[in-house]
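Work through the exercises below with the model open beside you. Try each task before reading its solution.

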Amino acid sequence: MNQTLLEALKKLIKGDVVTDDETLRVHSMDRSIFAVKPQVVVYPKDNKDVQNLVAFVAKHKKTHHHLNLTARAAGTDMSGGDLNDSIIVSFTKYFNREPVFHGQSATVEPGMYYRDFEKFTLEHGLIYPPYPSSREICALGGIINNNSAGEKTLRYGRAEDFVKSLQMILADGKEYTIKPLTISELHKKMKLQNFEGKLYRNIFNLIDRHYELIKKAKPTVSKNSAGYFLWNVYDKEKKTFDLTKLFVGAQGTLGIMTQANLRLVPVKKHAEMLVVYVRDLSHLAEIVNVILPFQPESLETYDDVTLGLALKYYSGFNKKMGSHSSFETFMHFLPEFQMRLFGKLPKLTIQAEFTGDEYGEISEKIKSLEEKLKPYDLELKWANNEKAELKYWLIRRDSFALLSGRIKDRYASPFIDDIVVNPEHLPEFLPKLHAVLKKYPFAVNFAGHVGNGNFHIFPLVDLKNPEEYKLIPQMSEEVFKLVLSYNGSTSGEHNDGLVRTPYLHLQYNKKILTLFAETKKIFDPTGIFNPRKKTHPDQAFAMTHIRSQW
């Protein structure tokens, strides 16, 4: 950005407009495999700052074609969705004010970290269920814009199921309240002779004209973050029209969110976990399908690589475990150390957590499940105290962090990290998946939400070696084609970003991709919001921005 433009921008913004090398370096990376250096980072102080910023970019776009905006919260995105070589709009500095509660919902800003939000919700006996595994480091803006999900999604659903309304700055630089509308309310919006009216008319006509085609394109899996969720907006039977369903998961490509009102649920009184150690993976799918009818709130898994790293770096859990010494933490991990000592470390660990308000019901359910699992000759452990449960949750939630930075010259690379198939397909799908993975020269870390058929696979790649990272597109396409042959999704919760947008053509037909592009044009006619994600893929740009160091 030239100096004249930069000075003009600084005069408009009450917050911070920053171009120092360290700030640009920090905002050039997230948790993906990419590094994209922005020209400017803006920390808006309030909604008016965001409005002025959008209006500024819209005004100068014709003469400065490269100018655009990418919203960023905590910077934990695994898809490169919050990276851009123009202007980054960073929200965690100022947009993190205390949430406002309205009964069983709360209004929150995009820069608030989930860990802080949960402290407030728990004071009200409530929780926001679709938090991801990165709950300690992620923020609400990313959760909503990625349609995140996590360990409680099996019972409660995804981010899109908990958004009641949004405050959005759209391409005209004005702020709008986006919420579910009745058909009469929709018609009133469509009669407006301004940007908002035109937007509603155009998006309604697009969905209405292609209603059946759009409905058929909806993925049949329980979790999906790929594409625009056009199929969720207009319901002819219920006579509702809800654009929050389009903005959630759109990765800031249609506008910039400044506030969200989120539905919350009461915290259950009791939680108990059954841990299942699986040493023979040939029965994994059967085991999962035995557990699911018992309706666990969470059904999570991680492999022996993750467990081995947890044991190697167990002292890193001291603080989170509330331990006073490494020895105290060691004693919590003693059963797993003994397994390793005697060569009995499981190939896969499954955590089935059951919650409810009546302890007796949970207890009986777990006992019945143990009986059902006896034919598989498994080692089972009932983690029936808080510290035991916490240990397993920490291993699962930190599965990516355990790999990142721990293995010399290798990066746990998220590019096939979010695949989903329906659990009934697992007996056929998993052996084929492992066969594909074995074709490539990468060790892999395997974890995820097995109850949803959602797996996070992190190949360990030397990103400094072009011969290795050039295999990423080939491996991605082969894995995604297998997933889609079982009517799955390329992304259950991490979204498309730079890494998966080039593969949307595998999941959706040409007509649906055209409708995605038309949707982008309706909301963002001059292309000012977060380019190269969702539409207009640029794999060459992505591959030339593979991070070479971390």
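The model is predicted, so local features need pLDDT of at least 70, side-chain atom pairs count only at pLDDT 80 or more, and totals for chains, interfaces and linings use all residues. Residues are numbered from 1 along each chain as its sequence is written, and side-chain values use heavy atoms, with hydrogens and water left out.

**Exercise 1. Find how the axes of H11 and H16 are oriented, and which residues make the contact.**

Solution. 
- Step 1: locate helix H11 at residues 284-291 and helix H16 at residues 359-373. Helices are DSSP runs of H or I with at least four residues, strands are runs of E with at least two, and both are numbered from the N terminus.
- Step 2: take the axes. They come within 10 Å and cross at roughly 150°. Axes are lines fitted to C-alpha atoms, for helices over the stretch in contact, and angles run from 0 to 180 degrees between N-to-C directions.
- Step 3: classify. H11 and H16 are therefore roughly antiparallel. (Under 35 degrees counts as roughly parallel, over 145 as roughly antiparallel, 65 to 115 as roughly perpendicular, the rest as oblique.)
- Step 4: list the contact (heavy atoms within 4.5 Å). H11 brings Ile287, Val290 and Ile291, and H16 brings Leu369, Lys372 and Leu373.
- Step 5: sort by class. The contact of H11 with H16 has five nonpolar, no polar and one charged residues. (Ala, Val, Leu, Ile, Met, Phe, Trp, Tyr, Cys and Pro count as nonpolar, Asp, Glu, Lys and Arg as charged, and the others, Gly among them, as polar.)

**Exercise 2. Describe the buried residues of H15 and what they pack against.**

Solution. 
- Step 1: go to H15, residues 334-341. Glu336, Phe337 and Met339 are buried there. (Buried means under 20% relative accessible area, exposed over 50%, partly exposed in between, with a 1.4 Å probe and protein chains only.)
- Step 2: check their directions. They cover an arc of only 155° around the axis, so they lie on the same side of H15. (The arc is that of the directions from the helix axis to the C-beta atoms.)
- Step 3: find the partners. The buried residues pack against strand S15 (270-278), helix H12 (304-312), helix H14 (326-332), strand S18 (379-383) and helix H17 (386-397).
- Step 4: look at one partner. The axes of H12 and H15 come within 11 Å and cross at roughly 115°. H12 and H15 are therefore roughly perpendicular.
- Step 5: name the residues. Leu307, Gly308, Leu311 and Lys312 of H12 meet Glu336, Phe337 and Arg340 of H15. By class, this contact of H12 with H15 has three nonpolar, one polar and three charged residues.
- Step 6: step past the end. Just after H15, Gly343 takes a positive phi of about 70°.
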